[in-house]
Amino acid sequence: MTYQNAFRDPETVQRLLQSLDDVTTRKWSVMEICGGQTHVFLKYGLDRLLPKSISLLHGPGCPVCVTGVEWIDAAVALANRSDITLLSFGDMLRVPGSETDLLSAKSAGASVNMVYSPMDALTWAEAHPAKQAVFFAVGFETTAPAVAWTIEQAEKRNAQNFSVLCAHVRVPPAIQLLLSHPDHRIDGFLAAGHVCTIMGCKEYEIIASRFQLPIVVTGFEPLDLLYGLYRCVVRLEEKNFGVENAYSRVARDPGNSHAQQKLTQIFEIVNRNWRGLGTIPQSGLAIRERYRHFDAKWRFADSLSPRPEQSEICPSGRILQGLLRPDQCPYFGVSCTPENPLGAPMVSSEGACAAYFRYRRKK
Ligand code: SF4
């Protein structure tokens, strides 16, 4: 059996499902935070195998889904400048801004290139010294260290034509926001193992203690998810609140100190607007003043004029809070499809709506 298949072994899946059934005495709603975990639950049909009394809620852990409209608008504005090439992960290209998306802007003549890493963007900048290269940095604590390291490299290499449009966000403040909502239905959380690999578990311990619930650090294979869910339900049944690491083969406290040091060196924590959720205090990472010559917002401030927030037809905020399931949205699969998305959760490979469209669409 390969290493990967060991985490998909049907017999172990069956045993875990039975254990979950045995231990469950009442209804529980558990939220998986990460969009990647949502996709694995749906792809393998695990959600349909669970005891009826356990409901999964899908959280805001899709970086593309939560990036505010104003960042898309800023990226489009920069890409439309004749001296700039905007470099972005592919997922961001089709996310709607207030007027257009990056792919449509590219079709209309804007300079937009897809890259797979921030270092690809720096390499591109070095190969094209006549152009200003702006990397559109989105994502959580998992992707931010690589961006921080790239900015440090850009300084060491004296890259004059490289900068970053920095829209990074932090997970723990968003969890606190969800738990502060009067209508929330969350009994426990599966925390994303890759975020804890970087940041450790300390911030989750504070949340678990404050809101009196279990948070289980969970991996991404089917058995990881079922085991994390099982441990979460055991703790709920026992009223044993706190953080448990069910992904210790990868995530360890206190996390990756080198990555954390890079984050602190390059970024400062700021308030940030999340798409559909509004401004969440202390939830964003911005480039420190010491490195501001690599901050596209500072370097090209004359091209960036914030627009007033526009109300969107897409109710993604309720999806991201677990208050609405994608297939309960009136636009799902009708006017909103991956080909014609009305909102970011239908675009991203980690978006909950894209997962439901792919794996749960009624024929
Ligand atoms: S189905 Fe479309 S419109 Fe509805 S929440 Fe998802 S992305 Fe938004």
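Trainee: How far apart are the end C-alpha atoms of helix 2 (residues 10-23), and what span should its 14 residues give?
Mentor: This is a predicted model, and the end C-alpha atoms are 20 Å apart. At 1.5 Å a residue the helix should span 20 Å, so the two agree.
Trainee: Which residues of helix 2 are buried?
Mentor: Val13, Leu16, Leu17 and Leu20. They cover an arc of only 100° around the axis, which puts them on the same side of helix 2. The face turned away from that buried side carries Glu11, Gln14, Arg15 and Asp22, which are exposed.
Trainee: And what covers the buried residues of helix 2?
Mentor: The cover includes helix 4 (46-49), strand 2 (54-61) and helix 13 (222-237).
Trainee: Switching topic: what strand order does the open sheet have?
Mentor: The order is 2-1-7-8-9, 5 strands with parallel pairing. Strand 2 and strand 9 (242-245) are at the edges with a single partner strand each, so one side of each has no neighbour in the sheet. From one strand to the next, the twist averages 25°.
Trainee: How many bridges join strand 1 to strand 2?
Mentor: 6, and the two strands run parallel. Val30 sits opposite Leu56 in strand 2.
Trainee: OK, cores. How many residues are in the largest nonpolar one?
Mentor: It has 61, and Leu102, Phe136 and Leu165 are among those with the most contacts inside it. Helix 6 (residues 69-79) gives the most to this core, 7 residues. Apart from it lies another core of 34 residues, including Leu16 and Phe41.

Note on methods: Residues are numbered from 1 along each chain as its sequence is written. This is a predicted model: local features need pLDDT of at least 70, side-chain atom pairs count only at pLDDT 80 or more; totals for chains, interfaces and linings use all residues. Side-chain values use heavy atoms; hydrogens and water are left out. Helices (H or I, at least four residues) and strands (E, at least two) are DSSP runs, numbered from the N terminus. The expected span of a helix is 1.5 Å times one less than its number of residues. Buried means under 20% relative accessible area, exposed over 50%, partly exposed in between (1.4 Å probe, protein chains only). The arc is that of the directions from the helix axis to the C-beta atoms. Contact means heavy atoms within 4.5 Å. A nonpolar core is a set of buried Ala, Val, Leu, Ile, Met, Phe, Trp, Tyr and Cys residues joined through side-chain atoms within 4.5 Å. Two strands pair if DSSP finds at least two bridges between them. Axes are lines fitted to C-alpha atoms, for helices over the stretch in contact, and angles run from 0 to 180 degrees between N-to-C directions.
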